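Let's walk through this fold one piece at a time.

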Amino acid sequence: MLPLLRCAPRALGSAVGGLRAAAPFPPLRRLLQPAPQPCARPFGLLSVRAGSERRPGLLRPRGPCGCGCGGLHTEGDKAFVEFLNDEIKEEKKIQKHKSLPKMSGGWELEVNGTEAKLVRKVAGEKITVTFNINNSIPPTFSGEEEPSQEQKAEEQEPELTSTPNFVVEVIKNDGKKALVLDCHYPEDEVGQEEEEESDIFSIREVSFQSPDKSDWKDTEYTLNTDSLDWALYDHLMDFLADRGVDNTFADELVELSTALEHREYITFLEDLKSFVKSQ
């Protein structure tokens, strides 16, 4: 699964340090606020309607309608609602999971809007994984020329996959400190010849923080793994694997995040339709 993502061997932690050093990452307090990415979602019917000729009347300002409701009704709004109806039907048709898939390993899932939390307790330790599906779909376009209509008809539309940054928090029995590891799914920077020996996610930053997230401070020392000794990085990855955060977990997290993102997208379209249609 995810052949394009299996590109970060454990020994890469120090090898690619120089390439990333010029782009420091945000403090841990803002980890769950991913940087905006270009919109990558291809609207199923947008290509059909995008070429339609605009009627000049749609661009003219309009006042309240004459039905006495005091609302604004335009032909553009009507066409917008019709489009959203079709789009919602198409998205529900291709929706893989009607309910969110479960994670193996005894993880308990809590969802609050676009943020999800996975909690697991092992031998007195509490492991919490938090991620946000906003801006979690990588761009699907490249710098190549726009394909022709024949190529578009032949090629199948790529499946959208959500690969969010996620934060692992480990708290011991005494509850005095939380070891916090910021993880992400790296882009395809390395060839796939070492795919079988590589991890599909990487640790980006490590720090100690208060068990209470509201007390997390930017003044706490943060270890950036770009220039970290490979042996120490390897031990950190083993530390996570011993607590259930391994490649299998990362694969299942992608499936869960993708299902959650798609569900929230459909809900957004339905809310948008209701907003445009409301009188």
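At what angle do helix α4 and helix α7 pack, and how far apart are their axes? Before the answer, some ground rules: this is a predicted model, where local features need pLDDT of at least 70 and side-chain atom pairs count only at pLDDT 80 or more, while totals for chains, interfaces and linings use all residues. Residues are numbered from 1 along each chain as its sequence is written, and side-chain values use heavy atoms, with hydrogens and water left out.

Now the helices. α4 (residues 75-94) and α7 (residues 247-277) pack at about 160 degrees, with axes 9 Å apart. Here helices (H or I, at least four residues) and strands (E, at least two) are DSSP runs numbered from the N terminus; axes are lines fitted to C-alpha atoms, for helices over the stretch in contact, and angles run from 0 to 180 degrees between N-to-C directions. The pair is therefore roughly antiparallel, a label for angles over 145 degrees. α4 passes α7 in a left-handed crossing, meaning that the near helix is turned anticlockwise from the far one by less than a right angle.

On the α4 side, the contact (heavy atoms within 4.5 Å) includes Phe 80, Leu 84 and Ile 88; on the α7 side, Tyr 265, Ile 266 and Leu 269 are among the residues involved.

A salt bridge here is a side-chain nitrogen of Lys or Arg within 4 Å of a carboxyl oxygen of Asp or Glu, and the whole structure has five.

Next, the sheet. Seven strands form an open, antiparallel sheet in the order β2-β3-β4-β5-β6-β8-β9, with strands pairing if DSSP finds at least two bridges between them. β2 (108-112) and β9 (222-224) are at the edges with a single partner each, so one side of each has no neighbour in the sheet. Neighbouring strands are turned by 20 degrees on average, direction ignored.

Zoom in on β6 (residues 178-184) and β8 (residues 202-209): seven bridges join this antiparallel pair, and Asp 182 has Glu 205 of β8 as its bridge partner. Helix α6 (residues 230-242) packs on the sheet, touching β5 (166-171), β6, β8 and β9, while α7 touches β2, β3 (115-122), β4 (125-132) and β5.

Note on methods: Angles under 35 degrees count as roughly parallel, over 145 as roughly antiparallel, 65 to 115 as roughly perpendicular and the rest as oblique.
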